[in-house]
Amino acid sequence: MGCENCNSNHELDRQRLIQRVDAIIERIGSTRQMTIPLLQALQEEFSYLPSDALNRVYEKTEINRAHLLSVATFYAQFKMVPYGKHIIKVCIGTACHVKGANLVYEAFKRELQLNEDSITTPDGKYSLEKIACLGCCALAPVVQIDDKIYSYVQPGKVREVLQQHDEYIKTKPKNDEQHNARGEEYVGEVRLGMENCCQVSGNAEVYKALLKAQEELGVAIKIKPISCVGACNQIPMIDVVDKNGTITRYPNIRPKEVKEILLHHFPSASPLRRLKNAFLNQVDMFHTDETWDNILWKPEKERTGEINNFLNIQKRISTEGYGIISPLDIDEYRANGGFEALKKALHDGNRDAIIESILQSGLRGKGGGGFLTGRKWRMVADAESEEKYIICNGDEGDPGAFMDRILLESYPLRVIEGMLIAAYTVGASKGIFYIRAEYPQAVIRVTKALDMCRRQGLLGDNILQSGFSFDIEIFKGAGAFVCGEETALIASIEGRRGFPSRRPPYPAERGLFGKPTLINNVETLSQITYIVNYGAEQYTEVGTPNSRGTKVFALAGKVRHGGLIEVPMGTTIRQIVEDIGGGIEGGEKLKAVQIGGPSGGCIPAELCDAEIDFDALTRLGAIMGSGGMVVLSESDCMVDVARYFLRFTSEESCGKCTFCRVGIRRMLDILDKLCTGRGTMEDIDRLEELAHTVRSSALCGLGRTAPNPVLATLRYFREEYEEHVRGICRTGTCKDMVKYVVTDKCIGCTKCSKVCPVEAIDYKPYEQHHIDIEKCTMCGLCIDECEFDAIKKISLKSE
Amino acid sequence: MKITIDNREITVLEGETILQAATRAGISIPSMCYSDGRKHKEGCMVCVVKDLASGQIVPSCVTTAKEGMQIDASSNEVLGQRRIALELLLSDHRADCEAPCTLVCPHGLDVEQFLAAYDNGAFEEARAILKRAFTSLPTIACDECKAPCEKACRRGSIDKSVAIRDIIHEVAAMESLSDVEAAPSKAKIGKDEFFSRIGIFSNDEKARLKESVNTPSRCLHCACDGRVDCRLRAYSKELGVKRSRYGISTKQSVKLTIDVNEHLRFEPSKCIRCGLCVYNTDNGFTFIGRGFDMKVVIPEENKCNAYDELAQICPTGAIYLK
């Protein structure tokens, strides 16, 4: 029997929901084109897409059920069922994958007692999901809970992370903006990276320590959050700039060292305070030994040697001003020559000359294709149309790449300036920033940067009194790798499924809403100002004959110093791994370098003297791609790497054409077979044939390059495929082919037994332990726990 | 404007695609996802040809013919690509073209059709079908036969084969129907023809079919209702595809049918996701999901927007008239 009261309550709830939906429709719009923004707004409001809300959308807008369902289920961002209060996102990007992200995922699953199909805990507190890439590759494996990122999460640390997050929620700072409340004059400056990943790595704590120390010491120091330095492995790090402008760098500092450093550089103004500080410092010194091993007293070389190696052979074009400028300080940007290139372009008014100079510079699209930027500009400039569009492609979907994120977060003004110059040159009247929704910080920064530009007359009508009018809006990508492809990207802006379509016609002729559209990658646009300012000639001095300028890479994987780097074209891969990256971590040997993500390939160690160059990389079976560079060591299984990428592309395939939708899936089936020891030699041949077919015949660039990881590993590591047919995985990565055993190094400490989540290790103190392989889930916790290196993975079969 | 297809010069009209031009010139290029005069988007990749100038393999259904184009539409390379496209589609197409019982009957009885008539209570029709194979009713050849039909019966893998011979006996013994004329004879299905195969049932499917199929004969009616005009079958035969080398591992549940309207039925496990039904209904069929998991569905509320002609538009037997 229905209760009248409840029913009327329910009706009331529905009415309220409808009011909220109507307000959103009012705000966003009701055309088909607005499907994605509308769904995003609904999801933001309700945290999922309630069916009552969708029904209202069918009633009130021109979006019908068939269209809405097809769009909402295409993009990964949209959820049709409510999720838990806190969402745990385990990054399974390439760098995280090679560092054991799957084990981390399994560990969360165990810890939260989720069974096979469920993603949300019964109490509704947590939901668990995998995410393609969080773009924090140098800190792998990473996990994001709500808005906070946790780095280096090992399977054994899962419980700790959940506890930490509980703490974090309780103590979440409301407002961490800094104030110089006393209005005193600054005696100096401390710069530190405050990007998401820097904060994760400890700069957030250092920032707090700085504020506290400043207060305690009574000195007014400008604490300046700066853009990404790229040296992710050396964080927490600060640069101290004293009154004379001398910069002292302190990498890898601890929050407790901060006060001492400030004291050293900035003596207090008042003599009394100085005396007090000196006294307190003496007390500290006797009470603790912290002051003695403070980083402050280490010699310059020891302190900064590694980071200097990391930075030395890099060349800054896209990341010019790194480590000095604030991302959103427009006055500072202008003081450092910002918008000069735009002024020059607008003042000269010679569009042809700009195109000519871009052509001469040899700048090629950095998003993957490597098409000559100047030629693209020319096509759009020559296209006849009242209306033209320009799109900045920031849909960086490669697992293992975060260049675009950093450029957008740290150098938004440079990208905007590049876009303005491009728009002026090709005659575009409207620009769109296409940014992944997974990069909320980038969206915020770019939004703020655009507002600033509007306020300063750099966007909008009659820019800098030149008569040129142009404005930019942001479109948030809803989570589909394929939308990095030009035609799919356009489809998604138009509010459709991200289905690519056949080119020609190229977007330059018929693009967004049928108008000529220039689509350039973030990094490409970030290089424009350099060329306009310094001329094509100076740009061509950097790089190789076919590939000019620099390339930004996200260096990650088994390398000691990962991070964001910008190197001149022509640098060798080995230089990057050895000199910048500091070699392979843990004393292992370099096996291969994966370049270009899911569309790229693995270059074996013996060929790593190859230079970074579009054509050289293609010859080697890799591609420049957008710039993910994942270093692989002897302990990485190449068949597993190929399988990893194919799983990614099969999930990200749009499903339109047979070769990609079914072909990649069938390739993955074969790889699954190989990795579980059921493969045959014929399977390898079939795999190869299928890979060649998909490469030559799939509809779009994603499909055509998807077999590259397979073809490249077959080319250089075929013997590993054959070993898998014989049932051997030499690295022990493929779980079905290995077992865990305890060797006689075991002293019987029972630690492994305690940590084992499935009680597969018997508890017998002082006796060599034994693993029951029937129970063992190969989570790897025991290996991490054992201090005597006594647990090994060995092949089930032997040669 | 002229282009060359397989060294034959043909005239093309402005804006025509390679496929259209070839068809007009009498050169046949197979295509699953293209239907003349209908909205379509390239996807099946069965119509691929090679543009000799660029060396690119392109779908002919959306590539506009350009003056002087040289197209290869019949080399081994091109046919090989088409074959693989078909094999891939077949690896995700869970259906039997013909019922296994019918295929193995040494006397050429269309067992499945016979059982269908029997299940519908159309005993006259059943008798007529029987009479076509066995001319001297009520004497039937089954008594001497080792009944390969019952061995081939897919129901056997679920619980127990359909008692085909018993049912034949039952109908043969219906003396009241002795005047029924034999059904007109049909072309015999050649053993070398192409047949798609449904593959092995999963445990869930077995349980579901056991539960849900309870017609008088218990027959699953494996034969495809849309087989007569199935292009997937026709092209597979034409290109010499015997069976897919990629196994059958679709996630689509087998033999799940959806009644779209009074006449129209939709069977998702036969769908090849060409999208013709999606593009040619307004708020009717739609895609959901992406990649390999992309499916074609019709939401309950949209069923009113489907129309009978879709049965002809669908290139396989996924949408058919009951």
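Predicted model: local features only at pLDDT ≥ 70, side-chain atom pairs only at ≥ 80, totals over all residues.
Residues are numbered from 1 along each chain as its sequence is written, and chains are lettered from A and ligands numbered from 1 in the order in which they are written.

**Figure 1. A hairpin in chain A, built from β15(A) and β16(A).** Strands β15 (residues 590-595) and β16 (residues 601-604) of chain A run antiparallel, joined by four bridges. (Strands are DSSP E runs of at least two residues, helices are H or I runs of at least four, and both are numbered from the N terminus; two strands pair if DSSP finds at least two bridges between them.) Five residues sit between the two strands, and in the turn A:Gly596 has a positive phi of about 95 degrees.

**Figure 2. An open sheet of three strands in chain B.** Follow the order β6-β7-β10, with antiparallel pairing. At the edges are β6 (258-259) and β10 (319-321) of chain B, each pairing on one side only. Two bridges link β6(B) to β7 (residues 264-266) of chain B, and here B:Asp259 stands opposite B:Arg265.

**Figure 3. Helices α24 (residues 638-652) and α25 (residues 658-675) of chain A packing together.** Their axes are 9 Å apart, at an angle of about 150 degrees. (Axes are lines fitted to C-alpha atoms over the stretch in contact, and angles run from 0 to 180 degrees between N-to-C directions.) That angle is why α24(A) is roughly antiparallel to α25(A), a label for angles over 145 degrees. Among the residues making the contact are A:Leu646 of α24(A) and A:Leu668 of α25(A). (Contact means C-beta atoms, placed from the backbone, within 7 Å.) The contact residues divide into nine nonpolar, two polar and five charged. (Ala, Val, Leu, Ile, Met, Phe, Trp, Tyr, Cys and Pro count as nonpolar, Asp, Glu, Lys and Arg as charged, and the others, Gly among them, as polar.)

**Figure 4. Where chain B meets chain A.** Here 32 residues of chain B are in contact with 30 residues of chain A. On the chain B side, β4 (56-59), α2 (76-90) and β8 (286-288) each supply at least two residues. The top contributor to that side is α2(B), with five residues.

Note on methods: Parallel < 35°, antiparallel > 145°, perpendicular 65-115°, else oblique. Contact = placed C-beta atoms within 7 Å.
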